[in-house]
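Biologist: Could you walk me through this one? I have not looked at it before.
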Amino acid sequence: MYTSADLRKGLKITLDNEPYLITSFDFTKPGKGQALYRTKMKNMITGTTLDRTYRSGETFEPASLEDRVMTYLYKEDTHYTFMDSQTFDQVAMDESALGDAKYFLIDNMQVDVLLFREKAIGVNLPNFVNLRVSNTEQWAKGDTSGNDSKPATVETGYVLRVPPFIEEGELIVIDTRTGEYSTRVKG
Amino acid sequence: MASFRGGRKCGSLHTRSRIITVIRTFFEGRGFLHLETPCRIPAPAPELHIDALPSRDWYLQTSPELAMKRLLAAGYDRIFQICRCWRDGERGRLHLPEFTLLEWYRADADYTDLMTDCEELLRAVTVAITGGTLLSFQGMEVELAGPAVRLTVREAFCRYTAMTADEALERDCFDELMAAEIEPNLGIGAPVILHDYPAARGALARRRSDAPELAERFELYLCGVELANAFSELTDPVEQTERFRLEREERSIAGKDPYPIPQPFLDDLAAMPPSAGIALGIDRLIMLVLDIPIIDDVVAFTPEEL
């Protein structure tokens, strides 16, 4: 258990059975009044933010979060299934919890799955993934329009800007932290 | 030297030294005597929300208040002290568990005399350090050439919150509203003197004779920062004994050390002339003068840096 005095930025606590990350914290004490612990926190599942002020002596359950290395297996409807390679336990995650990460999952990819009470609530991807371009316009030689990028769709359905010389069927490297084109895979 | 954030603090430590010199000169020039009293004491004033750090079977002072008032009773009529105080568990952007407090007391005076002192002291410090009377703090400005704005607690609740001060007390959200909705608005443009607290929030203040539901207490605000707390001092030993009894009882109910009764102080109180006293946070004053948002950067070392 944490008490009010333990509250600080970066602490993870459980509130209404959901995990929250404290994103901002301030201790205040209006003249001769009681200590107040003012927090902003973010729901680690839904991403919604809350402002909460606590008094001294309140208690909080830590959010017990676990990071496990898992393998991405397959997608069924809107669910993505991962398997713990040690225990062979499987967990499923809805695409709403994955956010843009769903565009960067490749079969058999190793990812860090974040678990809260055995429920998968997020993934940490490798920084770079290789994805094949499924659709992009042909670059017209001698194009003088001055555009230094064009839209492209990759095999997962993700759309991004790529340099004009990238062709359909090519393998490109995407930075999963920014979602941007990084380089082309040679050969 | 490596772990000391000297580069960041260098300027503020020089200014700290100069501000303390200006304050001493200010008070000595007005006939005040600088007195020192023990930091380690057997019984701090019992207040529900101020926790003292134990030191063997005694305590480190949370303020020099009781000793200073005994000196008033002994006939020292204009006194001040710059000293270290300790308050357990207080740590934040504006709080350190060990901090520097300025207290001054005037015999035969009331809290309105201290309001004037505050205006003059702020002006003297700011002129000495910056050469002007305008302070900028975190994008806010406060002009110290003129008088501070006087605002009653009742008016402040009316202006900035959806309920009256009495309703806030009744619904047990007085502190929350004060911290979240009132304080951030106070002291922008001109300093604000927030005065006449409900008697329940009067601590060691005298009640107004014309309105006994109010205490002659004020707080000084600049740019949303609470800088000082002042009272017309309660000098009635019977009422003081009763208030201490209530505070000790509340501390016990809250599971806190009630602290011993400061009997020698109560014994001397009858001899104390009508007086007014005030405590001002030196660290916060330095923050305001130098536009430094975090108290850590105006002291040589925080507890975490030791």
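Modeller: Here is a short tour of the chains and of where they touch. This is a predicted model, in which local features need pLDDT of at least 70 and side-chain atom pairs count only at pLDDT 80 or more, while totals for chains, interfaces and linings use all residues. Residues are numbered from 1 along each chain as its sequence is written, and chains are lettered from A in the order in which they are written.

Biologist: How many helices and strands does chain A have?
Modeller: Chain A has one helix and 16 strands. These are DSSP runs, H or I of at least four residues for helices and E of at least two for strands, numbered from the N terminus.

Biologist: And chain B?
Modeller: Chain B has nine helices and 13 strands. Its radius of gyration is 19 Å, close to the 19 Å that the globule rule gives for 306 residues, so chain B is as compact as a globular protein of that length. The radius is taken over C-alpha atoms, and the rule is 2.2 Å times the number of residues to the power 0.38.

Biologist: What radius of gyration does chain A have?
Modeller: Chain A has 22 Å, whereas a compact globule of 187 residues would have one near 16 Å. Its C-alpha atoms fill a box of roughly 75 × 45 × 25 Å along the principal axes.

Biologist: New topic: how many residues of chain A are in contact with chain B?
Modeller: 13 residues of chain A are in contact with 18 residues of chain B; contact means C-beta atoms, placed from the backbone, within 7 Å.

Biologist: Which strand of chain A gives the most to that side?
Modeller: Strand β3 (residues 18-28), with three residues.

Conventions. Contact = placed C-beta atoms within 7 Å.
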